[in-house]
Every structure is written in C-alpha cells, then in structure tokens.
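The points are grouped by topic and may be read alongside the sequence and the model.

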Amino acid sequence: MKAVVWHGLEDVRVDHVPDPRIEEPTDAIVRITSSAICGSDLHLFDVIGRPFMQEGDILGHEPMGIVEEVGADVHNLKTGDRVVVPFNISCGQCRLCRQGLQSQCETTQNRKTKKGASLFGYTHLYGGVPGGQAEYLRVPFAGYGPIVVPEGAPDDPYLLLSDVLPTAWQSVVYAQVPQDGTLGVWGLGPIGQMCCRIGFLHGAGRVIGVDHVAERLAMAQRHGVETIDMRGVDSVPDAIRELTDGLGVDSAIDAVGMEAEAGPVQKLLQRLKVAPDRYGALLSAVRSLKRGGTLAITGVYVGAFPLVPLGELFDRQLTVRMGQANVRRWVDEIIPLLGDGDRLGTSDLVTHHLRLEQAPDAYRMFRDKRDGAVKIVLTP
Ligand SMILES: NC(=O)c1ccc[n+]([C@@H]2O[C@H](COP(=O)([O-])OP(=O)(O)OC[C@H]3O[C@@H](n4cnc5c(N)ncnc54)[C@H](O)[C@@H]3O)[C@@H](O)[C@H]2O)c1
Ligand SMILES: [Zn+2]
Ligand SMILES: [Zn+2]
C-alpha cells in the first residue's frame, strides 16, 4: 500500500510499504478514505520529533474509513462499517479508561519511555504505532476505539472526531469558562478555531483569539471572535487588558504549544536571552489571565520546562489543566452537533483536500500556512 513515511527532518515521502494485517484478535483493518494532517504532525516534521522518530515510521493520527476485516475478538464492528478512529489507542476496560482518562490507558501505557497511552503515528515515545496517513490502518483494541458513523454523509465533519473536536471540547471544559465569561484562545489553527466555537456553545459571552495569520484571524472573526493580531501589538497581555476593563480573561487556552512564534517585544527579549525561546504563547496566556482564572494547555509540550512562571501562577492564584485529549470521553456529546445545521461550522475549517501522494507538499503548505491552508485532508 501507499503511506506517508518519515525519513528525517522536514522529509516525509509517500512510499510503498507492506499492507498491515490482523496481528491480535482485538485488531481491525480499516481502509482509509480520509486522513487529516494535524499541528501535532508538524512537531514531528520539525526538529522536535527527530530524536523520537525512526526512518520508515508511518505518520498520521486523524483517519477514517471502512472496516475491511476484524479480528476474532472484535464483536461490535463488522466489515463494511464506516468508522472514525480516535488518535489515542485505549482499551476501554482499565481503571483510567473507565475514569475517562483514555489518554492514560493502563493497558497501552508506554512504561519503558514513561509515557501515557499509545498514539497512532506519534513517535517511539508513544508506542511507535504505524499511523493512518496510508491506504490501510491496523487498529488495535478495535472493539473500543473506532466510532461508527452514519452512511452517506461526507467524511469531513466526522473526520474531526478523531482529534480536533474532542481536543477542543476538552480544552474548553478544562478552561472552566464561567457563564457569560471571557475566553482567550492563543493560536487559531484548527484546534484554536474549534475552541472558540465550542467556547461560545459552552456559554462564553466573549471569545478573544490571538494569532498572526490573516486568514486564520478572519476565519475566527466569521464565527464571532474578537481577534488580536500579535504582530500588530507590543504586548498581547496589555491589549487583552485593554479589552477587558484592565482585568484580563477568565479562562485561557494555549492552542499553540512549544513552537510559538514571538511578537516584536518577545523576539527582542529572546535575542537578549532574557526570555525563554518558543514558549511565548504560554507566557502570554498566563499574563493575560484574570486573578483566579483558569489556563488550559492543549498545545503540545515535551520534556522539562524549567521556565514555568511559577511565581505568576502562584501570585494570581491560577488553576492549570492540561494534557492529551481523552477522545472517547467526549464524542457522544459532540456527534449530535455534526448533523443538521452544522452548529460547529465544520464546513468552514477544512480548506484543502489533496491526494495522499501530495503529502510532502501538503506538510510544507500547512507548516508555512501557504495558500490559506488551515486544515488539510489527504485522500488515499
Ligand atoms: N492536547 C492534545 O490532545 C492535542 C491534540 C491536537 C493538537 N494538539 C496541539 O495543539 C496545537 C495546535 O494544533 P493545530 O492543529 O491547531 O496547529 P497549527 O500549527 O495549525 O496552529 C497553531 C497556531 O498558533 C499560531 N501561533 C504561533 N505562535 C503563536 C503565539 N505566540 N501566539 C498566538 N498564536 C500563535 C500559529 O500561527 C498557528 O495558527 C499544537 O501544538 C498541537 O500539537 C494537542
Ligand atoms: Zn491531531
Ligand atoms: Zn485502558
């Protein structure tokens, strides 16, 4: 089959690789019909993924398709079912899965690397499991993970159940937005866009979005978001305070992660080596919060972060929640919003449908935010 394969720094290729097959009785094989590229894939494309990837790894963790074959112990799926596959691989049976912490599943947890549940296509820290940017995918614990979706409707809205929608949903829940309160969202990629829309749905009175990419700011504005172009202000926290009677936002979501771009002042401070490199979004969110507010960190961070602004968190009595999305925990609440009316505006998120063979260019286009790319879906 054809698959998107990691070869090194900024080097992904579409290779011919052996077809996956059932290895455990709890496996299923899915023929992929759509597979999205995520901001998380960009961490692997960039230098951060390098120590944890091996040449030949198949990428992708946002797939959907048709069940081709099921193992002997998979009873609730059958050949021909249309399914979307969550990015975390979880058993559904263990203590942590039952607690709704599927991203920490005790069965698929990676004890050797001291990491949480295995993930599709996401480094050897997280199990080295072949990913779904391919023609076929082997799905472990297929009796629990895959979500059967209705026949007939287009793939896109359901495809977003693999990661984007549950991740944004969890971010908003973790951010504890008070009724009619103000939510700040750093990063208006696919995750941030959906955080804004779900924030309103959960009762936010105002949502303020921060980014520097014109068409992403414009997309957020189309959905009622007030925006700050970080390139156009000296200090995002000051700009936020100006919009909020000097108080700051009740809740903030960091939907950027550890590859944040810096604003002019931050850049200068970085050059002078008095500001941490690439943690700009996190710091900006912390400094824009109201006293007693809540920060949800959804953008990915790896390794130790010695520069956590602990003093500021302590003084302002902030609450912080974070982590990988527990996809299965939220899907039942989200599915009803995907049918009639498209209340989350999913049709205004996917900007590009490209063939799987175009993956190398698609990765670059998404990384460089070329051609208005916000969310790219690959079709095998
Ligand atoms: N926790 C989870 O389960 C989970 C799931 C999916 C994605 N993620 C992470 O969420 C983050 C966003 O994902 P995405 O697909 O939307 O990615 P993306 O790369 O498309 O979006 C990031 C956005 O942040 C903007 N940005 C960069 N620096 C900024 C700054 N200093 N302030 C404000 N905005 C800034 C960029 O212009 C971009 O629009 C990534 O780190 C991704 O790995 C986490
Ligand atoms: Zn993703
Ligand atoms: Zn489990």
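Helix α1 supplies the largest share of the shell around ligand 1, namely 4 residues. The model is a predicted one. The shell takes at least three residues from each of the two domains, domain 1 (2-163 + 326-379) and domain 2 (165-322). The points below treat the ligand shell, then the domains and their contact, and lastly a pair of helices.

**The shell around ligand 1**

- There are 32 residues around ligand 1, and those that come nearest are G39, S40, G187, G189 and G257.
- At least two residues of the shell come from each of α1, α5 (190-201), β9 (206-211) and α9.
- Sorted by class, the shell around ligand 1 holds 15 nonpolar, 13 polar and 4 charged residues.

- The chain is divided into domain 1, made up of residues 2-163 + 326-379, and domain 2, made up of residues 165-322.
- A distance of 26 Å separates the C-alpha centres of domain 1 and domain 2.
- In the contact between them, domain 1 takes part with 21 residues and domain 2 with 22 residues.
- On the side of domain 1 that touches domain 2, the elements giving two or more residues are α1 (39-45) and α11 (327-334).
- Helix α11 gives the most to that side of domain 1, with 4 residues.
- The side of domain 1 that touches domain 2 comprises 10 nonpolar, 6 polar and 5 charged residues.

- Two packed helices are described by the angle between their axes and the distance between the axes.
- For helix α7 (residues 236-243) and helix α9 (residues 280-288), the axes come within 8 Å and cross at roughly 30°.
- Angles under 35 degrees count as roughly parallel, and α7 is therefore roughly parallel to α9.
- The crossing in which α7 passes α9 is right-handed.
- Helix α7 makes the contact through V236, P237 and I240, and helix α9 through S284, R287 and S288.
- By class, this contact of α7 with α9 has 3 nonpolar, 2 polar and 1 charged residues.

Note on methods
Residues are numbered from 1 along each chain as its sequence is written. Chains are lettered from A and ligands numbered from 1 in the order in which they are written. This is a predicted model: local features need pLDDT of at least 70, side-chain atom pairs count only at pLDDT 80 or more; totals for chains, interfaces and linings use all residues. Domain bounds come from an automatic or database domain assignment. Two residues are in contact if their C-beta atoms, placed from the backbone, lie within 7 Å. Ala, Val, Leu, Ile, Met, Phe, Trp, Tyr, Cys and Pro count as nonpolar, Asp, Glu, Lys and Arg as charged, and the others, Gly among them, as polar. Axes are lines fitted to C-alpha atoms, for helices over the stretch in contact, and angles run from 0 to 180 degrees between N-to-C directions. Angles under 35 degrees count as roughly parallel, over 145 as roughly antiparallel, 65 to 115 as roughly perpendicular and the rest as oblique. A crossing is left-handed if the near helix is turned anticlockwise from the far one by less than a right angle, and right-handed if clockwise. A residue is near a molecule or strand if its C-beta atom, placed from the backbone, lies within 6 Å of it.
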